[in-house]
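Dear colleague,

Please find below the structure that I am handing over to you. My notes on what was found in it follow directly after.

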Amino acid sequence: MSDSASPLRILLTNDDGIDAPGIAAMREELTAIGEVTVVAPAENQSGVGRARNEHAIRRDHPWGYALEGTPADCVAYGLRGLDADFDIVVSGINDGPNAGNYVVGRSGTVGAGIESAFLGTPALAISSYHARDFFCHPPEEYDFSRPARVARALTECVCGAGIFDDVDLLNVNAPIDVPNPRMRVTRPLADYDQQVDHHDDTALLPDGDREDNLGDDEVLVRLRDVSWPDTVGYQNPFPPNDEYRARYPVGSDRRAMVDGEVSVSPLAVHHGHTEDPKLTSVVESLSEQVE
């Protein structure tokens, strides 16, 4: 960790690609508080979680490097492939929220932070949402300056404050359209289900994915995430009414978003060990039976 008189050494990445407007806004803010090196995916890598590749092509970029790989690849390369030390990894700004334990688990933005934590460097993953539009899409039509300022303030304050003694990663969701949003410490809401549909033709597939019809022994299976109650896909879950607000308990990341707040979820990512005497009893019993 840099001493208080030295600028922060920041590795910046994202999952929307190095040319996305969110990372540009984030870099502009972070350069005011530290030395920023960018290693980010050459193309959009949303939803890849912590997926890794063994090989990746690196290209020079005015901000650092573009890597033909995942966000986790970028962090792995930045922390171990560059002749530099970093105080923190910042991932984002994502053009949409990453809230709820299932969504957080498969997010490329958060995946970069998880890779960083496993490699011993604290991280902050920052995502944006719009209190009316939900996803900031297309991102070129939105202003990411407010989430960037939030991430800058957090980065500057948490580094050196002992926050990362017990916390590996801060997952942050910040509104782009709420003036002076309140900041709240939250936990990812455990809320997820899956809707499965069966179809007897390929009409629902994107154009060009498959030209021929299904065979006699084939069925098209459609797997749809239900990661917000009564919501399939990415429809707006944030109407300002008590019905939606009551679904999400106070202290959860999704409740903070319904209330137009900045959600800050401290995460431990090392899959900690849990003692369970019932399991110990079962294993001990089986060990006497298995030759």
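Val221 is partly exposed, since its relative accessible area is 44%, a value between the limits of 20% for buried and 50% for exposed. Please bear in mind that this is a predicted model. Val221 sits in strand 10, which spans residues 220-226. Together with Val196, Val219 and Leu223, Val221 makes up a nonpolar patch on the surface, and the accessible area of the four is about 360 Å².

As a point of contrast, in soluble globular proteins nonpolar side chains tend to be buried together. The largest nonpolar core here consists of 36 residues. Met26, Val90, Leu124, Ile126 and Val172 have the most contacts inside this core. Among the elements that supply two or more residues to it are strand 1 (8-13), helix 1 (21-30), strand 5 (88-94), strand 6 (123-129) and strand 7 (169-175). Helix 5 contributes the most, with 5 residues. Another core, of 19 residues, lies apart from this one and includes Leu79, Val89, Ala112 and Ile114.

Leaving aside residues up to four places away in sequence, Ile126 touches Met26, Val90 and Val172, among others. Its contacts also include Gly92 and Ile93, and these two residues are joined by a cis peptide bond with omega of about 10°. Ile93 belongs to strand 5.

A cis peptide bond also links His137 and Pro138, with omega of about 0°. Pro138 is located in the loop between strand 6 and helix 5, and Phe134 is found in the loop between strand 6 and helix 5 as well. Phe134 is not a glycine, yet it has a positive phi of about 70°.

Asn180, which is not a glycine either, has a positive phi of about 50°. It lies in the loop between strand 7 and strand 8 (183-185). Are these two residues, Phe134 and Asn180, buried or exposed? Phe134 is buried, because its relative accessible area is 1%, whereas Asn180 is exposed, because its relative accessible area is 76%.

Finally, a word on the annotation. An unreviewed UniProt entry assigns residues 10-188 to the domain "Survival protein SurE-like phosphatase/nucleotidase".

Yours sincerely

Technical notes:
Residues numbered from 1 in each chain as written. Predicted model: local features only at pLDDT ≥ 70, side-chain atom pairs only at ≥ 80, totals over all residues. Heavy atoms only, no water. UniProt positions renumbered as here; feature names shortened; annotations may be inferred. Patch = residues over 30% accessible without salt bridge, like charges linked within 9 Å, V, L, I, M, F, W, Y side chains within 5 Å. Areas by Shrake-Rupley, 256 points an atom, 1.4 Å probe, with all protein chains shown as cover. Salt bridge = Lys/Arg side-chain N within 4 Å of Asp/Glu carboxyl O. Helix = DSSP H or I, 4+ residues; strand = E, 2+ residues; numbered from the N terminus. Buried < 20%, exposed > 50% of the residue type's maximum accessible area, 1.4 Å probe, protein only. Core = buried A, V, L, I, M, F, W, Y, C linked by side-chain atoms within 4.5 Å. Contact = heavy atoms within 4.5 Å.
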